[in-house]
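Please look through the structure below, following the chain with the sequence at hand.

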Amino acid sequence: MRLTRDPTFCFDVLRTDGGARLGTLHTPHGLVHTPAFMPVGTQGAVKGALFKDVAEAGAEIVLGNTYHLYLRPGDSLVARRGGLHRFTGWDRPILTDSGGYQVFSLAERRKVTEQGAEFQSHIDGSSHHLTPELAVDIQARLGSDVAMVLDECLAYPVPREQAAGSMERSVRWASRCRARLELLRSSSAAPVEISNGGQAQFGIVQGGVFPDLRRASADATQALRFEGYAIGGLSVGEPIDLMYDVVAETTRRLPPDQPRYLMGVGTPEDLVECVDRGVDMFDCVLPTRNARNGQLFTSQGRLNIRNARYAEDDGPPDPECRCYTCRRHSRAYLRHLHLAGEMTGAALNTLHNLTFYLDTMKRIRDAIAFGTFSSFKQEFLRSVSRPAHDS
Ligand SMILES: [Zn+2]
């Protein structure tokens, strides 16, 4: 198969309300209504949830982690199974990250040069060299609908000079990623197995918390003409208001007619705040990871199911939620399952948290459609940031 600029990939902004945008993203595997939240399917599965339940909860797109899938089961094996959609049975859109974030998280086990990042597998210690070109090839084999460029991810805080040097390297890597994809698109005999001929590629804006570096990165990245743009390197320990400022600064500088994706963010409050600043797509492990630790996101704030006060509480986790967990089960039962270490407890909590996140996105989209986003935001922030039930 050849990679083409598939006419099925396009983005339309249908309506704006302040900074918030209502849109549709068309991909080779169907439509995504934006603003959208992408549940994280690290190893080809959303932890603790069946894909049918992920779909029923309202997810239209999920994220796959290139680093994990490259190491195990391997991108070539996935390509031989027909790509990630066919392999996993999820037939809706998929976005894959570049693997960079996980490699940079390996700290001692990696070394970064201009060429790429050398690292040792967390599974068996084997050595690998992730280059911008390899990140493109792996994602071509996986066959996601949206592939991400390889970028350098920094911790917080870093000195300005370091942030500048890293941002410039990320732009050079983005250019190499774009060139590699163009090569795959133009080759009649592509050098790698291509699982999705309509795959799009997003660039990533870096630059730490320095507004001028973010602007420079946004300008240089969009000069490479990607199908969409991500904001990377946030939610790494910086103060929350600083993160919101950087998001606002960056979205202002990005093309108004292309999708914007804020990587790895965040809490329900972050979603609403960043939609207000012009973000269209999000992913985060919080709803799934916290579910496994017994933390539930609800319309009345966060709830820790381990708390003794729920031992004999017959109420649903969230009285306003329509999910299977909330329709069928009590806080007392979920607390019991959690304390007993039952897998079912983690699964029920995950289903609820995903439903809460995806319902929040639906409410955000409805509010933008009706021109009431600002009052929705106020009301939402007031109710979810009440002191938690059990703090
Ligand atoms: Zn629920």
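Where is the place of Thr 288? Thr 288 is in helix α11, residues 286-292, where helices are DSSP runs of H or I with at least four residues, strands are runs of E with at least two, and both are numbered from the N terminus. This is a predicted model, in which local features need pLDDT of at least 70, side-chain atom pairs count only at pLDDT 80 or more, and totals for chains, interfaces and linings use all residues. Residues are numbered from 1 along each chain as its sequence is written, and side-chain values use heavy atoms, leaving out hydrogens and water.

With a relative accessible area of 5%, Thr 288 is buried, a term for under 20% relative accessible area, with exposed over 50% and partly exposed in between (1.4 Å probe, protein chains only).

Turning to the strands, β13 (residues 228-231) has Gly 228 and Ala 230 pointing one way and Tyr 229 and Ile 231 the other way, and all are buried. Strand β12 (residues 200-205) runs parallel to β13 and is joined to it by four bridges, two strands being paired if DSSP finds at least two bridges between them. Gly 203 stands opposite Tyr 229.

A search of the whole structure finds nine aromatic pairs, meaning rings of Phe, Tyr and Trp (its six-membered ring) with centres within 6.5 Å, stacked if the planes are under 30 degrees apart, edge-to-face if over 60 and tilted for the rest. The rings of Phe 226 and Tyr 229 have centres 6.2 Å apart and planes at 90°, so this pair is edge-to-face.
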